[in-house]
Every structure is written in structure tokens, then in C-alpha cells.
Amino acid sequence: MRKFRFGVNLNSATGHQEWTEKCRAAESLGYDVLTVPDHLGVQAPFPALVAAAAVTEHIRVATFVLNSAFWNPVLLAREVRTTDRLTDRRLEVGLGTGYVRSEFDKAGVSWGTAGTRVDRLEETVTEVTRLLDNPRELGDTQPPSRPPLVIGGNGNRVLGLAARHADVVAFTGAVLKRGATRGTLELLDGETVAERVAHFASAAGERGAQIERNILVQAVSVTPRRDEAVEALRRRMPHLTAAQIADTPTVLLGSVKEITDQLRERRDRYGFSYISVHESAMTEFAQVVESLAGE
């Protein structure tokens, strides 16, 4: 059984000082990984990670996750090589298909179909890893190095790609709401997530034991009144029952003890040992991070 790792997904900052304070706070609160998303309207991922590593000591830094449709594989390999060096090899590279149609439109990138987006992801993963293993093709004479690869998604093909190539598989635990253009997600219930995990495990076979499993938690509330927190969330998520909300691995509600018990149970049930939260929950969730440190 893997030990827990905890990540926090940070948003944009107004400038260097604010970004420095956020990054140092994440490290001081005990998080293992500082991650940044790849969306229009927030900071560009690679400069943000270089800046984060420059003002911290040991916390790892990661893209979580890059929209493969936005990146030329050759130029992406160059970004990865440079960022890996400038962060003292603390980099982890997360890749996904992208899911916000309005961002594709603004960037002038074809939205296509779910299939073509996965095709693009597969092409990017294959070419970038090949170039990282053969950096002289980039004109880079430094020795080859390959940061850990995170592949995030939910569908069969993406999970199959992760099974073949990833060091970390990041389960989204959610699906795009039908007709949504701005990336609105609907959380999956625990049984559906379990089926997705089982599909991945089957695809990965013996290699599955080598691949770390991540889940991005969408809602956190550290409170002694768990039932009230569940009911409040149910009103925002009418497609799930109260029991389903309490059970889904993308939600953590309750006291520190209740949440740590949930995480241990979900590590046993799903294999989730790498737990990520959004910046809005960073301080609140730090109580749980401290409680599970080293476990």
C-alpha cells in the first residue's frame, strides 16, 4: 500500500509576491505537490512552476493537467526539459484532453469529438516521451531525463493510455455536463468511480501496481456537522442522493477524524493514495494532511 501524498491546485496570483506567499504556504502546510491547471484566464503553467520552485525548498511542482490540444509536442518537450532543469528535477507533467469548449474556441483550436481529442492526447504522450528519451532531436545535448508522467481522465481510452504510459493516473471522478461549453462538471457516484478504477486495473494488468492513483477532490468541509454539510451539497448536486454524496471520493465532509477515516477507506477501496484539493480548501484541509503525514 502506498503512503499518502497530498497536492493542492493553485490559481492565479496578481504578482510575484502573492504567488510566492501561496507557494510557501502550500509547502509549510505540508503538501507534497503544488499543481497548476492549464486554462485560459489563469497563469501560464510552466513559468508559474519555475517561479514556485524558486521560492520553495522541496515541494514538487506539476501541471494538472495540460490541455494536449494547446501544445505542439516538440515545443512541449522543450518546455518540459527546461522546466525540469530549472526546478531541480521536482517537476511532474500532467496531460489530458481538455474539456472546456469555450477555451478551444478562443484559442482557435478545433473542438472536434471526444475521439479526436483522445487521438491528440495519445499523439502528444507518444511524441513527447520519445523526445524526452532522445533530446538530441531537440538540439539539446544534456542527458535524457523524463519527469513522472500524470495522465488524467475518465473514459476507457484515456485510462487505457494511462495504463500503458503513466506513472500517475488521475481519475477525474466527474463527467462534462451535457451541453456545457464552460467546463461544468457533474460528479460521479462512488459505484461509478469504482467501475472506472476496475477498468483501469484490468487495462494495466501487472503494470498497475507501479502506477500511483490520484483523485481530485472537488468539495471539502472540515466540520463536526457532517450531515448538514452533506445536505447543503446535495442542494447543489441534485443528480446525487445524500448517501451518494457522502460516499463519492470527490467529496470530503466531516471532522478531521471522519475525513481521515474516509481517506483510509478509499485508499483500500479504490487505491487512491495521492489526494489533490483546490486552493480554496488548502488551509482547511491542512488539518487532514497533518493528521495523515507519513501514513
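Predicted model: local features only at pLDDT ≥ 70, side-chain atom pairs only at ≥ 80, totals over all residues.
Residues are numbered from 1 along each chain as its sequence is written, and side-chain values use heavy atoms, with hydrogens and water left out.

The protein chain contains eleven helices and 13 strands; helices (H or I, at least four residues) and strands (E, at least two) are DSSP runs, numbered from the N terminus. Along the principal axes, the C-alpha trace spans about 60 × 40 × 40 Å. A compact globule of 295 residues would have a radius of gyration near 19 Å, and the value for the protein chain, 19 Å, agrees. That radius is taken over C-alpha atoms, and the globule rule is 2.2 Å times the number of residues to the power 0.38. Of the 295 residues, 51% are buried. Here buried means under 20% relative accessible area, exposed over 50%, and partly exposed in between (1.4 Å probe, protein chains only). Among contacts (heavy atoms within 4.5 Å) with a separation of 6 or more, 73% join residues 24 or more positions apart.

Helix 7 covers residues 190-204. At the start of the helix, a side-chain oxygen of D189 comes to within 3.0 Å of the backbone nitrogen of E191. The buried residues of helix 7 are G190, V193, R196, V197, F200 and A204. They cover an arc of only 120° around the axis, which puts them on the same side of the helix; the arc is that of the directions from the helix axis to the C-beta atoms. An α-helix has 3.6 residues a turn, so residues three or four places apart point the same way. The cover over the buried residues of helix 7 includes helix 6 (156-165), strand 10 (212-217) and helix 10 (256-270). On the other side of helix 7, E191 and S202 are exposed. Just after helix 7, G205 has a positive phi of about 55°.

Helix 10 has the buried residues I259, T260, Q262, L263, R266, R267 and Y270. These fall within an arc of 155° seen down the axis, so they line one face of helix 10. The face turned away from them carries exposed K257 and D268.

L263 also belongs to the largest nonpolar core, which has 63 residues and in which Y31, L263 and F285 have the most contacts. A nonpolar core is a set of buried Ala, Val, Leu, Ile, Met, Phe, Trp, Tyr and Cys residues joined through side-chain atoms within 4.5 Å. Not counting residues up to four places away in sequence, F285 touches F6, Y31, V220, L252, I259, L263, I275 and V277. Apart from this core lies another, of eleven residues, including A174, L187, V230 and L240.

Most residues other than glycine have a negative phi, and most peptide bonds are trans. The peptide bond from F64 to V65, however, is cis, with omega near -15°, and V65 lies in the loop between strand 3 (60-63) and strand 4 (66-67). D88, although not a glycine, has a positive phi of about 55°, and its place is in the loop between helix 3 (73-86) and strand 5 (91-96). D88 counts as exposed at 60% relative accessibility.

Conventions:
Expected span 1.5 Å × (residues − 1). Polar contact = N/O pair within 3.5 Å; in protein donor to acceptor, adjacent residues only side chain to side chain.
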